[in-house]
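Please work through the two exercises below with the sequence and the model at hand.

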Amino acid sequence: MTADVPLLVIVDAANVVGSVPDGWWRDRRGAAERLRDRLAADGVPGHAGPVEIVLVVEGAARGVQSVPGVLVESAAGSGDDRMVELVAQAAGRTCLVVTADRELRRRVTELGADVAGPRTVRP
């Protein structure tokens, strides 16, 4: 990664939100918005340099708006497929995908992305 190109961090909202049983299922959109706001405020721990954060939402969380510091992508279909597309579009750029989904991890690492678990962005 060159100094002028920030690390691309793609966050699997459904997977990260679902990693803690805190009642997220009662308000999926609200849970995604809280994650978005935490990412905007705290960034990605362990990555002090410039980062571009993309939060991918799907299902009931579609329509969550972007905020400064976090671009929200509403997947038309599968969130996993959208994340794979984003990694493929960023070919040659350093990408970190935050998810615990084994199949998604396999797909994005085949494209050259690094992966990290939900604890990377969840307290």
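Two exercises with worked solutions follow.

The model is predicted: local features need pLDDT of at least 70, side-chain atom pairs count only at pLDDT 80 or more, and totals for chains, interfaces and linings use all residues. Residues are numbered from 1 along each chain as its sequence is written, and side-chain values use heavy atoms, without hydrogens and water.

**Exercise 1.** Describe the packing of helix H3 (residues 79-89) against helix H4 (residues 102-110).

*Solution.*
Step 1. The axes of H3 and H4 are 9 Å apart and form an angle of about 15°.
Step 2. H3 and H4 are therefore roughly parallel to each other (angles under 35 degrees count as such).
Step 3. The residues in contact (heavy atoms within 4.5 Å) are Asp 80, Asp 81, Met 83, Val 84 and Val 87 from H3, and Leu 104, Arg 107 and Val 108 from H4.
Step 4. Sorted by class, this contact of H3 with H4 comprises 5 nonpolar, no polar and 3 charged residues.

**Exercise 2.** Determine whether Arg 122 is buried or exposed, and identify the partners of its side chain.

*Solution.*
Step 1. Arg 122 is located in the segment after strand E5 (114-116).
Step 2. Arg 122 counts as buried because its relative accessibility is 14% (buried means under 20%, exposed over 50%, partly exposed in between, with a 1.4 Å probe and protein chains only).
Step 3. The Arg 122 side chain reaches the backbone oxygen of Val 17 at 3.2 Å.
Step 4. With the side chain of Asp 22, the side chain of Arg 122 makes a polar contact at 3.1 Å (a pair of N or O atoms within 3.5 Å, one able to donate a hydrogen and the other to accept it).
Step 5. Beyond its neighbours within four places in sequence, Arg 122 is in contact with Val 16, Val 17, Ser 19, Val 20, Asp 22 and Arg 38.

Conventions. Axes are lines fitted to C-alpha atoms, for helices over the stretch in contact, and angles run from 0 to 180 degrees between N-to-C directions. Helices (H or I, at least four residues) and strands (E, at least two) are DSSP runs, numbered from the N terminus. Angles under 35 degrees count as roughly parallel, over 145 as roughly antiparallel, 65 to 115 as roughly perpendicular and the rest as oblique. Ala, Val, Leu, Ile, Met, Phe, Trp, Tyr, Cys and Pro count as nonpolar, Asp, Glu, Lys and Arg as charged, and the others, Gly among them, as polar.
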